[in-house]
Amino acid sequence: FQLLGYFDNMDSSSSIKKKQVDEWVSEGIIEYLGGTADVKKYLMQVNCFVMPSYYKEGIPKALLEACSLEIPIITTDNTGCRDVVIHGYNGLLSEPKNHISLAECMEQVIRMDYNTLKIMGQNGRKKIVLEFNETIVLESYKSSMEDIFDTQDILVNAIG
């Protein structure tokens, strides 16, 4: 397993500490790649992208990037993350904050043959192109802004 990303400089109880990562590296469990601004070159070398997020976030850009590169993903059945994955179609969903569920998903992917992983990756790309392409996203923003301004116009007219 490879781990890519910068360490959180804040003293957050939810972040993985450098000391823990150093232990995993010395035990041979992971390879820590450090942080980078060029994620694509690393993504192009993986069989699966794993992001076990449990934050209440929007749709993670990292998941969109992995799918757009036809990489199957494992993420949590959580707000934002679940919008990118159809379980069994373009990746797998694990239960948030459940390391057993996450490990089971990873074992499933490890046991998958090349063609299954390839089809999952292609399905991920299809999903991103159909649901998250720039035109769709910008149109959604535009529509939301129009709704907000229409609501404000109604309030302004009502208060008058």
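Predicted model: local features only at pLDDT ≥ 70, side-chain atom pairs only at ≥ 80, totals over all residues.
With a cut-off of 2.5 Å between sulfur atoms, my count came to zero. I then checked cysteine 48, which is in no disulfide. Its nearest cysteine sulfur belongs to cysteine 105 and sits 9.1 Å away.

**Buried or exposed?**

Next I looked up how accessible a few residues are. Cysteine 48 has a relative accessible area of 19%, and the limit for buried is under 20%, so I noted cysteine 48 as buried. Cysteine 81 is buried too, at 0%. For serine 53 I found 7%, so this residue also goes down as buried.

**Serine 53**

Where does serine 53 lie? I traced it to the loop between β3 (49-51) and α3 (61-68). Leaving aside residues up to four places away in sequence, I found serine 53 touching Thr76, Asn78 and Cys81.

**Helix α3**

Which residues of α3 are buried? My list reads Leu63, Ala66 and Cys67. Looking down the helix axis, I saw that these buried residues fall within an arc of 95°, so they line one face of α3. They pack against α2 (39-43), β3, β4 (73-76) and α5 (114-131). I also checked what comes after the helix: α3 is followed by glutamate 70, which has a positive phi, near 65°.

**Largest pocket**

Then I turned to the pockets. The largest pocket holds about 2,000 Å³ of space. I found 48 residues lining it, and the closest to its centre are Gln2, Leu3, Val50, Met51 and Pro52. Several elements each give at least two residues to this lining, among them β1 (2-4), α1 (18-26), β2 (31-34) and β3. The largest share, six residues, comes from α4, which spans 99-111. Sorting the lining by type, I got 33 nonpolar, 11 polar and four charged residues.

**Second largest pocket**

My last stop was the second largest pocket, with a volume of about 270 Å³. Which element gives the largest share of its lining? I found that α5 does, with three residues. The lining includes Leu43, Met44, Tyr114, Leu117 and Lys118.

Key. Residues numbered from 1 in each chain as written. Heavy atoms only, no water. Buried < 20%, exposed > 50% of the residue type's maximum accessible area, 1.4 Å probe, protein only. Helix = DSSP H or I, 4+ residues; strand = E, 2+ residues; numbered from the N terminus. Contact = heavy atoms within 4.5 Å. Arc of directions from axis to C-beta. 1 Å grid on protein atoms, 1.4 Å probe; cavity = no way out; pocket = protein on both sides within 12 Å on 5 of 7 lines; lining within 4 Å. Points joined across faces, edges and corners; volume = space filled by probe spheres on them. Nonpolar A, V, L, I, M, F, W, Y, C, P; charged D, E, K, R; others polar.
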